[in-house]
Amino acid sequence: MNKPTPLFWKVFFGVYEALPRQGPGNRACAARALGLCRELPPSPAILDLGCGVGGQTIQLAELTSGSIVAIDSHAPSIERLKATLAARGLSQRVQAQVGDMAHPEQPPESFDLIWSEGALYNIGIGNALRVCHGLLRPGGYLAFTDAVWRKEDPPPEVEASFDLDYPTMGWVEDVLIAIESCGFEQLGHFTLPDDAWWSDFYTPMEHRIDELRVKYANDAEVSSILDQLAQEPKLHRRFSDYYAYEFFVVRRHQEQAHTQTQPAMNEGLEQQHAGDGAARRR
Ligand SMILES: C[S@@+](CC[C@H](N)C(=O)[O-])C[C@H]1O[C@@H](n2cnc3c(N)ncnc32)[C@H](O)[C@@H]1O
């Protein structure tokens with residue numbers, strides 16, 4: 001596939017930045033995952049990695065009385081989150097920052113809870129787990145979602161779509177192996193229900209695309225990009241039984257020094273994760 005053009009990215013962000021969330025997820029799932037973190041302190045220190053425009057950040061602020069640092073590498077999303085925080089009077093308790101989750105520039109062992117919905121895969125799950133392990137206090141929690149395969153032999157269009165966006169995508173078991181090898185205890189995991197793909201993500205995406213179709217009706221290039229973007233929810237309507245978003249909730253072992261995680265081992269797993277996913281879905 002050709003490299004996306006600057007116009008593609010402009011239209012892409014024109015659609016995505018306007019959505020409540022930039023990936024699947026909803027408040028009910030966030031509350032369920034939070035409920036698995038049973039021994040959180042009353043006002044936990046929370047880090048939200050890859051926060052996007054902050055759909056889940058706001059929900060976390062409502063569901064806890066903690067302080068939150070929310071990081072995303074896309075500056076316009078952080079600007080939008082800052083505006084939302086100001087409008088809701090949450091700017092004191094929630095800090096939104098532009099940053100790279102691979103190098104989040106936060107003090108080691110300083111968080112009680114790290115949250116990340118649909119974002120850790122950007123830096124590789126093994127690498128992300130290692131970064132999170134170092135930032136969590138012993139006994140701290142990590143709650144994250146990740147896309148996984150759930151049925152063998154996906155149709156070519158599904159395979160092509162994930163090869164583009166998440167070529168190393170694996171299965172639930174692959175993620176569980178990575179979790180264990182990175183010094184975490186697994187507390188629970190569950191599959192996001194279909195509603196979590198639609199309410200805050202695909203339904204507003206289809207509305208936004210329709211809105212832009214009217215605005216750019218005379219621009220063939222923009223209209224064709226909008227057609228491309230409209231494929232994703234359509235694909236989901238037809239083939240959602242082949243893949244899922246899984247919420248994983250894990251806990252850093254209480255007494256474990258950070259040096260016990262092994263980068264080389266995790267890198268190996270990253271490859272195994274990729275290999276397994278790729279091999280098993282064909
Ligand atoms: C699928 S979106 C999910 C956003 C949000 N968590 C949600 O569920 O609505 C993934 C986010 O990760 C961010 N991202 C990608 N790579 C990143 C990195 N290295 N550091 C920080 N954020 C990153 C993107 O800008 C994007 O906002």
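This note goes through the predicted model from the strand order to the core and the ligand shell.

1. Basis. The model is predicted; local features need pLDDT of at least 70, side-chain atom pairs count only at pLDDT 80 or more, and totals for chains, interfaces and linings use all residues. Residues are numbered from 1 along each chain as its sequence is written. Helices (H or I, at least four residues) and strands (E, at least two) are DSSP runs, numbered from the N terminus.

2. Strand 1 and its partners. Strand 1 covers residues 45–49, and four of these five residues are buried, so the strand is largely enclosed by the rest of the structure. A residue is buried if 20 or more other C-beta atoms lie within 10 Å of its own, exposed if 12 or fewer, and partly exposed in between, with C-beta atoms placed from the backbone. Strand 1 pairs with strand 2 in the parallel sense over five bridges; two strands pair if DSSP finds at least two bridges between them. Leu 47 is opposite Val 69 of strand 2. Strand 1 also pairs in the parallel sense with strand 4 (residues 111–117), over three bridges, and there Ile 46 has Leu 113 as its bridge partner.

3. Strand 3. Strand 2 and strand 3 (residues 94–98) run parallel and are joined by five bridges. Val 69 has Gln 95 as its bridge partner in strand 3. The unit of strand 2, helix 4 (residues 75–87) and strand 3 is a right-handed β-α-β unit. A crossover is right-handed if, with the strands pointing away from the viewer, the path from the first strand over the helix to the second runs clockwise.

4. Strand 5. Strand 4 and strand 5 run parallel and are joined by six bridges, with Phe 111 and Leu 136 as bridge partners. The chain gets from strand 4 to strand 5 through helix 5, in a right-handed β-α-β crossover. Strand 5 and strand 7, in contrast, run antiparallel and are joined by nine bridges; Leu 142 has Val 250 as its bridge partner in strand 7.

5. Helix 5. Nine of the 11 residues of helix 5 (residues 125–135) are buried, so this helix is largely enclosed by the rest of the structure. Among the buried residues are Ile 125, Arg 130, His 133 and Leu 135.

6. Core. The largest nonpolar core has 67 residues, and Ile 114, Leu 142 and Ala 143 have the most contacts inside it. Strand 5 (residues 136–149) gives the most to this core, with seven residues. Such a core is a set of buried Ala, Val, Leu, Ile, Met, Phe, Trp, Tyr and Cys residues joined through C-beta atoms within 7 Å. Leaving aside neighbours within four places in sequence, the contacts of Ile 114 include Leu 47, Cys 132 and Leu 142; contact requires C-beta atoms, placed from the backbone, within 7 Å.

7. Val 249. This residue lies in strand 7 (residues 243–252). Val 249 counts as buried because it has 23 C-beta neighbours inside 10 Å. The C-alpha atoms of Val 249 and Leu 34 are separated by 8.3 Å, although the two are 215 residues apart along the chain.

8. Ligand shell. The ligand is surrounded by 22 residues, the closest being Arg 21, Gly 23, Gly 50, Gly 52 and Asn 122. Helix 3 (55–63) and strand 2 (67–72) are the elements that give two or more residues to this shell. A residue is near the molecule if its C-beta atom, placed from the backbone, lies within 6 Å of it. The shell has six nonpolar, 12 polar and four charged residues; Ala, Val, Leu, Ile, Met, Phe, Trp, Tyr, Cys and Pro count as nonpolar, Asp, Glu, Lys and Arg as charged, and the others, Gly among them, as polar.

Terms used:
Two residues are in contact if their C-beta atoms, placed from the backbone, lie within 7 Å.
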